[in-house]
Amino acid sequence: MSIEKLIKVKADLHLHTTASDGKLTPEELVRKAAAASLDMIAITDHDTVEAIAPALREIGTHPGLRLIPGVEVSTDVPHGEVHVLGYFLDHNDRELVSNLAKLKSSRVVRAERMVEKLAGLGLKVDWGRVREIAGEGSIGRPHIAEALYEKGLVTSIREAFDKYISRDGPAYVERDKMTPEEAVELLVRSRGLPVLAHPGYLPDLESLLIRLQRVGLVGLEAYYDGYDRRLMGQLASLASKYNLVATGGSDFHGFQGDEETQLGGVPIPPECIHKLLVIARQSSLVGS
Ligand SMILES: [Zn+2]
Ligand SMILES: [Zn+2]
């Protein structure tokens, strides 16, 4: 694709579907992107590539719209979570699919084991209710704490943590963890281009970038829903300092109302998309 053509490219490289916590099916999302006259989208569901195959089928009926197969992997750092996006990956890669499935099911299994441990302590909460409270989000300790509180088994959410499910609590269960480095390596092995998601407020960002670049990080998400011009500018200069691609996206989930940035609502400079495509082409991930 020539740069002249790219001047007009309208892209959104961070989108969710019902395969994770989005509201639109992969097909609906593709149709919405086509209706919004986007030229390029990336579907990046949390820890799953299930939406890619149906989206690729649907996109066949919308010439002019191009789909980058992607994912958003959740990883753990000492005081929180870091998300790593992967672009142009092979969504049929067995290792990728099985690692993502393990990550997802480990969260459910861990919550279930905590509920069992609580029952062993005489605190019976309904597993179905815990799942209901969690909704479509990834299930965890806050949902168990809420179920305990609802049943009057604790007088506050805080008490649920302090007495039972904090790290040293009698009902605590450790969970499988993936570090950002491991996620980058996994994406590289499945022929994906790893990009650090919404890094705007991450502590020690530069040292994280250096560590991740060593194992194959190619970019960071500088243009993002909710970031002001100043922050986007800072992130873009950080990207150029480390010779990383500055990517961007809306992180669209399809929620109702005006609070969410709309599909394609975050403008990405065309040269950034061009740079990403050049790297993908150099890695033979896409044809010319
Ligand atoms: Zn994220
Ligand atoms: Zn996201």
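Domain bounds here come from an automatic or database domain assignment. On that basis the protein has domain 1 (3-93 + 190-282) and domain 2 (100-165), and the centres of the two, taken over C-alpha atoms, are separated by 32 Å. The model is predicted. The protein contains 11 helices and seven strands.

**Overall dimensions**

- The C-alpha trace of the protein spans about 70 × 40 × 40 Å along its principal axes.
- For 288 residues, a compact globule would have a radius of gyration near 19 Å, and the 20 Å of the protein agrees with this.
- Buried residues make up 39% of the 288 in the protein.
- Among contacts with a separation of 6 or more, 68% are between residues 24 or more positions apart.

**The sheet**

- Seven strands form an open sheet in the order S1-S2-S3-S4-S5-S6-S7, and the pairing is mixed.
- Strand S1 (11-15) and strand S7 (245-249) are at the edges; each has a single partner strand, so one side of each lacks a neighbour in the sheet.
- From one strand to the next, the twist averages 35°.
- Helix H11 (residues 270-282) packs on the sheet and touches S1, S2, strand S4 (80-87), strand S5 (193-196), strand S6 (219-224) and S7. The direction of H11 makes about 115° with that of S7.

**Strand pairs**

- S1 and S2 run parallel and are joined by three bridges; in this part of the sheet, Leu 15 stands opposite Ile 43 in S2.
- Strand S2 (residues 40-43) pairs with strand S3 (residues 66-77) in the parallel sense over four bridges, and Ala 42 stands opposite Ile 68 in S3.
- S5 and S6 run parallel with two bridges between them; Leu 196 has Leu 220 in S6 as its bridge partner.
- S6 and S7 also run parallel, joined by five bridges. The bridge partner of Tyr 224 is Gly 249 in S7.

**Nonpolar cores**

- The largest nonpolar core has 63 residues, and the members that touch the most others are Ile 41, Ile 43, Val 84, Tyr 87 and Leu 220.
- A second, separate core has 15 residues, including Leu 118, Ala 147, Leu 148 and Val 154.
- Beyond its neighbours within four places in sequence, Leu 220 is in contact with Val 195, Leu 196, Pro 199, Leu 209, Leu 235, Leu 238, Ala 239, Leu 244 and Ala 246.

**Helix H6**

- Helix H6 (residues 141-150) has these buried residues: Arg 141, His 143, Ile 144, Ala 145, Ala 147 and Leu 148.
- The buried residues of H6 pack against helix H4 (94-120), helix H5 (127-134) and helix H7 (157-165).
- An α-helix has 3.6 residues a turn, so residues three or four places apart point the same way.
- Gly 152 follows H6 and has a positive phi, near 75°.

**The loop between H2 and S2**

- Ala 36 lies in the loop between helix H2 (26-35) and S2.
- Ala 36 has 15 other C-beta atoms within 10 Å and is therefore partly exposed.
- Apart from its neighbours within four places in sequence, Ala 36 is in contact with Leu 263 and Gly 264.
- Ala 36 and Leu 263 are 227 residues apart along the chain, while 7.8 Å separate their C-alpha atoms.
- Ser 37 is found in the loop between H2 and S2 as well. Ser 37 is not a glycine, yet its phi is positive, about 60°.
- Ser 37 counts as exposed because it has 10 C-beta neighbours inside 10 Å, where the cut-off for exposed is 12 or fewer.

**The loop between S4 and H4**

- Phe 88 lies in the loop between S4 and H4.
- Phi of Phe 88 is positive, near 65°, in a residue other than glycine.
- Phe 88 has 23 C-beta neighbours inside 10 Å, so Phe 88 counts as buried.

Methods. Residues are numbered from 1 along each chain as its sequence is written. Chains are lettered from A and ligands numbered from 1 in the order in which they are written. This is a predicted model: local features need pLDDT of at least 70, side-chain atom pairs count only at pLDDT 80 or more; totals for chains, interfaces and linings use all residues. A nonpolar core is a set of buried Ala, Val, Leu, Ile, Met, Phe, Trp, Tyr and Cys residues joined through C-beta atoms within 7 Å. A residue is buried if 20 or more other C-beta atoms lie within 10 Å of its own, exposed if 12 or fewer, and partly exposed in between; C-beta atoms are placed from the backbone. Two residues are in contact if their C-beta atoms, placed from the backbone, lie within 7 Å. Two strands pair if DSSP finds at least two bridges between them. Axes are lines fitted to C-alpha atoms, for helices over the stretch in contact, and angles run from 0 to 180 degrees between N-to-C directions. The radius of gyration is taken over C-alpha atoms; the globule rule is 2.2 Å times the number of residues to the power 0.38.
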